[in-house]
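Here are a few friendly notes to read alongside the structure. Please keep the view open as you go.

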Amino acid sequence: MSDMDTSGAKRRYKRWPEALKREIVAATSRPGASVSVVARQYDVNANQVFAWRRRFRAATEVATPVLVPVTITPEPEEKPAPAVSDIIEIEVGDCRVRVGSSFDGRTLKRVLDVLRKR
């Protein structure tokens with residue numbers, strides 16, 4: 001015949017502070033650590049530690065990366081050479097300067113200033 005507790009007393013579960021749970025879980029993730037050894041050190045059931053590990057892992061996992069559609073477009077073609085109408089000729093004294101539309105204005109001013117001083 002086996003002994004049975006008939007006193008009607010309910011079993012009370014131990015409450016663990018959240019910080020201590022995290023400390024115990026962290027101790028199990030150290031290199032070479034064993035969950036059962038760490039659980040014995042803290043006087044906790046190993047199954048409880050495994051449950052805490054699952055809970056904390058689920059709380060800290062990031063969402064699975066999602067693939068984003070990508071469209072590859074060809075590189076833009078190089079700018080065509082300026083048409084004849086895009087070129088202007090400037091005569092300063094006996095010098096003639098031909099300038100296209102993409103020429104930098106500040107550089108052109110410097111060139112013309114030098115030619116005027118000649």
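Predicted model: local features only at pLDDT ≥ 70, side-chain atom pairs only at ≥ 80, totals over all residues.

1. Let's begin with helix α2, residues 35-42, and helix α3, residues 46-60, which pack with their axes 9 Å apart at an angle of about 110°. Angles of 65 to 115 degrees count as roughly perpendicular, so that is how α2 lies to α3.

2. Which residues make this contact? From α2 come Val35, Ser36 and Ala39, and they meet Ala46, Val49, Phe50 and Arg53 of α3. By class, the contact of α2 with α3 has five nonpolar residues, one polar and one charged.

3. Now look around α2 itself. Val35, Val38 and Ala39 are its buried residues; they lie on the same side of α2 because their arc around the axis is only 100°. Arg40 and Gln41, on the other side of α2, are exposed. The cover over the buried residues of α2 includes α1 (18-28) and α3.

4. Helix α4 takes in residues 105-117, 13 residues in number, and its first and last C-alpha are 19 Å apart, close to the expected 18 Å. Leu108, Leu112 and Leu115 are buried in α4. Their arc around the axis is only 60°, which means that they sit on the same side of α4.

5. What covers the buried residues of α4? The cover includes β1 (88-92) and β2 (95-99). On the other side of α4, the exposed residues include Arg106, Lys109, Arg110, Val114 and Lys117.

Technical notes
Residues numbered from 1 in each chain as written. Heavy atoms only, no water. Helix = DSSP H or I, 4+ residues; strand = E, 2+ residues; numbered from the N terminus. Expected span 1.5 Å × (residues − 1). Buried < 20%, exposed > 50% of the residue type's maximum accessible area, 1.4 Å probe, protein only. Arc of directions from axis to C-beta. Contact = heavy atoms within 4.5 Å. Axes fitted to C-alpha atoms, helices over the stretch in contact; angles between N-to-C directions. Parallel < 35°, antiparallel > 145°, perpendicular 65-115°, else oblique. Nonpolar A, V, L, I, M, F, W, Y, C, P; charged D, E, K, R; others polar.
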